[in-house]
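Visitor: I have a sequence and a model on the screen, and I would like to go through the packing step by step. Could you take my questions one at a time?

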Amino acid sequence: MTQTIDFSAFGKNDIRGIYGKDVTEELFYYTGKGFVKYIEEKSGLSPKDIWITVSRDARLHSEILSKVLIKGIVHTGANVINLDVVPTPIGYYSEFASYPEDICSDVKISAALIVTASHNPPEYNGLKLTFNKSSLNEEEIKKVKNYTIEQMSNDITAVKHGESRLYNILPQYEDFMVSRFGRIGKDIKVVVDSANGTAGVIAPKLYRELGCEVIELYSEPDGNFPNHHPNPSDTSTLKDIKSKVIETGADLGIAFDGDSDRLGIIDSDGNTLAGDKLLYIYALDVIKELSVRGEHPVVVSEVKCSQVLFDEINKNGGRAIMSKTGHGYIKSKMKETDAILAGEMSGHMFFKDRYYGFDDAVYAGCRIIEIVAKNKKINENFKLSDLLLPFKKVCTLDEVRYKCKNELKKSVLREVQNRITNNADLFDSSINDIVTLDGLRIIFPDGFALIRQSNTEPVFTLRFEARTKKNALKYKKVMINLLDDCISKVSKSEEK
């Protein structure tokens, strides 16, 4: 192992970067060792009593990264259950699973490590980390980073040899799902696009077990992603599944990202359901079930979502909570508010209702199949679009990604806020409120305008919604003109 390692791949929610540059075998070896030290510090366990599950996605370099990660772990004396290629949510599920006696029947799983770069292009790879059934947050990942650096610097301890055992967890996960859903999918036809990612190893088979007629697209895991990029929130990747849904007369289509923690839903007319619309469908289903017990469940979503989502949840007996964008923030807000359901525009859906609370797109697929089946029993001509009537009362424009250098974004956003605060008539509409939770969400009587800094790219994310397209376009024009002016002003100021 070399001692020249770039630690810039350690991010806010996980480890992520280009393989061979930011993400290397050396990094993963020492991260395995550093993660064991982190668990020792958090749990008080000695390495021989620590068991960690390790799983991976289908990327071409995930196998070698998984091997060196496991090597680093067992060289501390800690133990590994190797789950091989499975969806990321099954990695999460592994902390809740039971294990046969020849694997580790009498011990508690301390943590899960998942080698994946999710929906990123093929040259990327990374690592998702959980401990004690929760994903690590930004501060916790920093601690793992520090332990990793420490292990690299002081790599003079004698090599120990913990256990590493291979286990096929897929049958257990499948049995778990079938026991909870039964044959809910009887008479439901669904197109499943696994995007040559990890969903193909379980989702089509599971949905057939639930009674569905399944038409498969790209089920074979292939780290080259030869058919299309594995990102269902990019509508350009959904052409094939949309065509297949219409061609086969399917009730719906389910598209997965590369590691199966996000999904996209296509209705029977070939339309994509945005994340806020999908969450709305889930939320009303959950609220209806729980309201008979007098409960008012909390549902969390992000600032980019339609105001319709928040208003309708509150109107129907739930309690809608707005969060910053990002699945790490969503998970934290769920815990803070004891939410039973959460989701974001990108397709991460978190069910604590009848499940464990983490984002599992395969499970979310079961829930949408269940909803379609329930409604078709009442009306055989039912379509998912029938549940989305409130959204037809507003016009929501496509998201705008507006370029701005990262080093300017904070100053530009501050300037935009000052201009709006000091000019209440700027949008030619009264302003009911300005939410500063994550950027600026300017709320008008008939809609909103949003500007927020991207967490990962040198852009601002802009969204606009109003009861008429005319007003939505007006809010967009004003905001873009304002943003142009503020970027120009801040850029000139920085040059002086």
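The questions and answers below go from the whole chain to single residues.

Visitor: What kind of model is this, and how many helices and strands does the protein chain have?

Guide: This is a predicted model. The secondary structure of the protein chain comes to 13 helices and 22 strands.

Visitor: How does the radius of gyration of the protein chain compare with the globule rule?

Guide: The C-alpha atoms fill a box of roughly 70 × 70 × 45 Å along the principal axes. For 496 residues the globule rule gives 23 Å, and the chain is close to that, so it is as compact as a globular protein of that length. The radius of gyration itself is 24 Å.

Visitor: What share of the contacts in the protein chain with a separation of 6 or more comes from residues 24 or more positions apart?

Guide: As background, 57% of the 496 residues count as buried. Among contacts with a separation of 6 or more, the share from residues 24 or more positions apart is 69%.

Visitor: What does Ile-368 touch, not counting residues up to four places away in sequence?

Guide: Ile-368 is among the residues with the most contacts inside the largest core. Its partners beyond four places in sequence are Leu-252, Ile-254, Ile-265, Leu-278, Ile-281, Tyr-282 and Leu-384.

Visitor: How many residues are in the second, separate core?

Guide: Val-36, Leu-69, Ile-70 and Tyr-147 are included in this second core. Its size is 36 residues.

Visitor: Are the rings of Tyr-93 and Tyr-173 stacked or edge-to-face?

Guide: A search of the whole structure finds 24 aromatic pairs. For Tyr-93 and Tyr-173 the ring centres are 5.3 Å apart and the planes stand at 85°. Planes over 60 degrees apart count as edge-to-face. The pair is therefore edge-to-face.

Visitor: How many residues apart in sequence are the parts that the pair of Tyr-93 and Tyr-173 ties together?

Guide: Both Tyr-93 and Tyr-173 are buried, and both belong to one aromatic cluster whose members include Phe-96, Phe-176 and Tyr-282. Tyr-93 is in helix α3 (residues 88–93) and Tyr-173 in helix α5 (residues 170–181), so the pair ties together parts that lie apart in sequence by 80 residues.

Visitor: Where do Phe-427 and Tyr-475 lie?

Guide: Phe-427 and Tyr-475 form an edge-to-face aromatic pair, at 6.3 Å centre to centre with 75° between the planes. Both residues are buried. Because the two lie in separate elements, the pair ties together parts 48 residues apart in sequence: Phe-427 is in the loop between α12 (406–421) and β19 (433–435), and Tyr-475 in helix α13 (residues 469–495).

Visitor: Which residue lies over the face of Phe-448?

Guide: The distance to the ring centre of Phe-448 is 3.7 Å. The residue over the face is Arg-441.

Visitor: Which side chain is joined to that of Thr-88 by a polar contact?

Guide: Thr-88 is found in helix α3 and counts as buried at 1% relative accessibility. Beyond four places in sequence, its contacts are Ile-114, Thr-116, Lys-128, Thr-198, Asp-259 and Asp-261. The polar contact, at 2.6 Å, is to the side chain of Asp-259.

Visitor: Which side chain makes a polar contact with that of Glu-174?

Guide: Glu-174 lies in helix α5, and its 9% relative accessibility counts as buried. The polar contact between side chains, at 2.9 Å, is with Lys-205.

Visitor: Is Glu-415 buried or exposed?

Guide: Glu-415 is in helix α12, and beyond four places in sequence it is in contact with Cys-486, Lys-489 and Val-490. Buried means under 20% relative accessible area. At 14%, Glu-415 therefore counts as buried.

Visitor: Is Glu-247 buried or exposed?

Guide: Glu-247 is found in helix α7 (residues 239–248). Exposed means over 50% relative accessible area. With 59%, Glu-247 is therefore exposed.

Notes: Residues are numbered from 1 along each chain as its sequence is written. Side-chain values use heavy atoms; hydrogens and water are left out. Rings of Phe, Tyr and Trp (its six-membered ring) pair if their centres lie within 6.5 Å; planes under 30 degrees apart count as stacked, over 60 as edge-to-face and the rest as tilted. Helices (H or I, at least four residues) and strands (E, at least two) are DSSP runs, numbered from the N terminus. Buried means under 20% relative accessible area, exposed over 50%, partly exposed in between (1.4 Å probe, protein chains only). A charge sits over a ring if NZ of Lys or CZ of Arg is within 6 Å of the ring centre and within 35 degrees of the ring normal. A nonpolar core is a set of buried Ala, Val, Leu, Ile, Met, Phe, Trp, Tyr and Cys residues joined through side-chain atoms within 4.5 Å. Contact means heavy atoms within 4.5 Å. A polar contact is a pair of N or O atoms within 3.5 Å; within protein, one must be able to donate a hydrogen and the other to accept it, and residues adjacent in sequence count only if both atoms are side-chain atoms. The radius of gyration is taken over C-alpha atoms; the globule rule is 2.2 Å times the number of residues to the power 0.38.
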